[in-house]
Every structure is written in structure tokens, then in C-alpha cells.
Amino acid sequence: GTMATINTNDGTVTVDGKSVTVRNTLLAQPSAPTILVLIMHRLTANNVTLQIGTSGGSGGNAFALVSDGDVQIGGVFSASASSGGHGPGAFNDVNCKGGNGSQSGSSAGGSGGGGFGAMGGAGGSASTDSDSAVGGSGGKPTGSPTLIPLRGGCDSGFASSSTPAGGGLGGGAIQLVSRTMVSVTGVIAANGSSALGGGSGGGILVEAPVVEVTGTVVANGAGGNSGCLFGTSGQDGRLDATPAQGGTCGSGGSGGNGGAGSIAAGSGANVSLSSGAALAGHGGGGVGRIRINTAAGGFHRAGLFSPDPSTGAIATR
């Protein structure tokens with residue numbers, strides 16, 4: 001087929017509008033999302049979107065695919081967050097979620113972006129002659145470079161503690177495992193989405209004796225929104241190594257860019273006015289984590305990674 005969707009909460013697989021049965025199981029993890037594991041002989045994938053279904057305020061189950069034979073990714077294989085919800089396996093802990101903004105009179109500080117593989121950008125502070133409001137802190141790095149446990153990224157903060165909704169969402173978590181080879185000529189993505197601040201990128205773990213990447217693997221953060229009422233929104237994480245742009249406006253604070261590659265997430269701009277509404281920008285989301293585990297000499301890298309992956313050894317027989 002040309003387009004597939006996988007619901008990581010109930011295991012439903014649809015290819016070109018038709019239901020397909022794939023053997024699966026659930027694997028629980030301590031202090032991390034449960035993983036939906038699909039079990040296959042081999043896989044050739046075109047465009048695949050991982051959906052979370054109805055999961056409330058989190059990313060639901062993370063996703064793993066375990067194959068006895070080759071796994072070939074030719075299209076866009078996505079666990080990215082969107083305006084419709086978190087990436088599957090997105091996970092907020094006490095450190096990585098961006099801090100909330102604050103409001104005082106006509107001043108509003110921006111929310112902080114989510115952190116995961118790197119820190120999120122802070123929200124800007126705002127002030128007038130009569131009041132001031134501080135921005136939320138950026139979310140801190142969290143999790144492990146090995147992506148054990150497997151988990152996705154983190155959300156931005158909210159506009160304020162009294163407005164607990166509307167933040168940017170963290171990217172999801174993907175694990176691809178093959179007994180023989182994983183080949184990526186297309187794109188694997190676990191990007192964050194933008195709303196107020198930017199959500200962080202998620203986690204991508206690839207394990208096989210041979211991993212060949214001539215395509216793209218990205219876990220980028222989203223840009224933060226601008227502070228003004230009629231400004232532009234931040235971009236969701238991109239499918240390259242260019243930072244997602246923060247929103248802009250004429251009289252309020254611009255949003256911070258999202259993290260990408262080795263570039264840190266940007267903070268929202270501060271705003272200081274003598275009168276009127278002072279609305280600061282929101283922080284961008286930090287990058288996620290990418291991990292490649294292979295046999296000795298098995299990682300063949302000619303494609304694009306954002307951020308740069310960490311690497312490790314895989315057991316062979």
C-alpha cells in the first residue's frame with residue numbers, strides 16, 4: 001500500500017483504508033509508557049503515521065516493531081505530535097515539562113518550551129509601568145541517551161497555572177528492531193508540535209546488525225508562539241535540520257525557535273511597554289534523542305540526523 005496508520009493504543013493497523021491484522025503485544029515499562037510491539041517477518045514501508053487514539057493528557061503507548069528480516073523505510077514514518085495530539089509515547093516527568101507563564105494585570109509572561117534530549121527555551125518576561133510578569137522556565141533534559149526506557153518528548157508549559165491547557169506537545173517514541181538490517185531511504189520523524197510554547201522532539205531507537213541511513217531521521221523541537229494577539233504561530237518540528245521558526249508580531253514578543261541539530265531551543269522575547277498589554281513570547285522546544293545500536297562496523301551513515309545520534313553495540317548470534 002501507499003499509506004498506513006497504526007493506532008498504538010489498540011493495535012489497529014489500516015493500509016489504504018483497509019484493516020490489516022498484525023500480531024502484537026504490550027510491554028510494560030517502569031516509570032515510562034507501555035510499548036505496543038508489532039511482530040513481523042519483514043517490513044517495507046511507504047508512508048506510515050502512528051496515531052495515539054484517545055489517550056487524554058499523555059501520548060499513550062510508545063511504539064516498537066520487531067522483525068525477523070529486513071526493515072525498509074521508504075516514505076515518512078511518523079510519530080510526531082500535531083495539533084490533534086501528542087506523539088505516541090510522549091511522556092512528561094517532573095523535570096522536562098516547560099514552566100507555565102504568568103499573568104499580572106496587563107502583562108503576560110510566556111510559557112517555557114519542553115525539554116528532553118536538550119533544554120527547552122524559556123518564556124519571555126513582560127512588564128509595563130504598572131505591573132510585570134515573569135516567563136516560565138524551559139523544560140530540562142531528561143531520560144537516557146540509550147532510550148531505555150523507551151519514551152518520547154515533553155510538552156511546553158501553559159499560559160498560566162490558572163489556564164491549564166493549550167501548550168505545545170511532545171514528539172513520540174519509535175523503536176525499530178531487525179535481526180538482519182534496517183534501511184532508511186525515507187524519513188523517520190518524532191517531532192514536537194507548537195501551540196503556546198514548543199513541544200520537544202521525541203525518541204527514535206534503531207537496532208540491527210546493519211543500519212543503513214541514506215534518508216533522514218529527525219526528533220526536532222517546535223517553535224514557540226508569539227505573544228501578541230494577532231501574531232503568527234510557531235512552526236511544528238521540521239523534517240530537516242533547520243530550527244522550527246518561532247512566531248512573530250509587531251508589538252509583542254516573538255517566540256523562540258525550536259531546537260534542531262546541535263542548535264539549542266530559543267527563548268521567547270521579553271516585552272517592556274509603558275502602557276497597554278505587554279505580551280511576551282513563548283519558548284521553543286528542545287531536541288529529542290536518537291540512538292543507533294549495531295554490530296561492529298554496521299552503521300552506514302550517509303543521510304541526515306537531527307539531533308546527532310548516540311551509538312551502541314547490539315548483541316549478535
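Begin by selecting strand 5 (residues 35-40) together with strand 8: the two run parallel and are joined by 6 bridges. Strands here are DSSP runs of E with at least two residues, numbered from the N terminus, and two strands pair if DSSP finds at least two bridges between them. Within this pairing, Met40 has Ser67 of strand 8 as its bridge partner. The model is a predicted one, in which local features need pLDDT of at least 70 and side-chain atom pairs count only at pLDDT 80 or more, whereas totals for chains, interfaces and linings use all residues. Residues are numbered from 1 along each chain as its sequence is written, and side-chain values use heavy atoms, with hydrogens and water left out.

Leu65 has Leu176 of strand 15 as its bridge partner. Strand 8 (residues 62-67) is largely enclosed by the rest of the structure, because 5 of its 6 residues are buried. Buried means under 20% relative accessible area, exposed means over 50%, and partly exposed lies in between (1.4 Å probe, protein chains only).

Now select Phe63. Phe63 has a relative accessible area of 0% and is therefore buried. Among the residues that Phe63 touches, leaving aside those up to four places away in sequence, are Ile6, Ile35, Leu38, Leu50, Phe77, Leu150 and Leu176; contact means heavy atoms within 4.5 Å. Phe63, Phe77 and Ile188 touch the most other members of the largest nonpolar core, which holds 33 residues. Strand 5 supplies the largest share of this core, 3 residues. Apart from this core lies another, of 9 residues, including Ala62, Phe116 and Ala173. A nonpolar core is a set of buried Ala, Val, Leu, Ile, Met, Phe, Trp, Tyr and Cys residues joined through side-chain atoms within 4.5 Å.

Display the aromatic rings next; the structure holds 2 aromatic pairs. In the pair of Phe63 and Phe77, the ring centres are 6.0 Å apart and the planes stand at 45°, so the pair is tilted. This pair links distant parts of the chain, with Phe63 in strand 8 and Phe77 in strand 10 (residues 76-78), 14 residues apart. Phe299 and Phe305 form an edge-to-face pair, 5.9 Å centre to centre with 85° between the planes. Rings of Phe, Tyr and Trp (its six-membered ring) pair if their centres lie within 6.5 Å; planes under 30 degrees apart count as stacked, over 60 as edge-to-face and the rest as tilted. Phe299 is partly exposed at 24% relative accessibility, whereas Phe305 is buried at 6%.

Within the structure, strand 1 (residues 3-7) and strand 7 (residues 47-51) run parallel and are joined by 5 bridges; Ile6 stands opposite Leu50 in strand 7.

Finish at Asn220, in the loop between strand 20 (216-218) and strand 21 (271-272). Asn220 counts as buried, at 0% relative accessibility. Its side chain makes a polar contact of 2.6 Å with the side chain of Ser306. A polar atom of the Asn220 side chain also lies 2.8 Å from the backbone oxygen of Arg238. A polar contact is a pair of N or O atoms within 3.5 Å; within protein, one must be able to donate a hydrogen and the other to accept it, and residues adjacent in sequence count only if both atoms are side-chain atoms.

Technical notes: Helix = DSSP H or I, 4+ residues; strand = E, 2+ residues; numbered from the N terminus.
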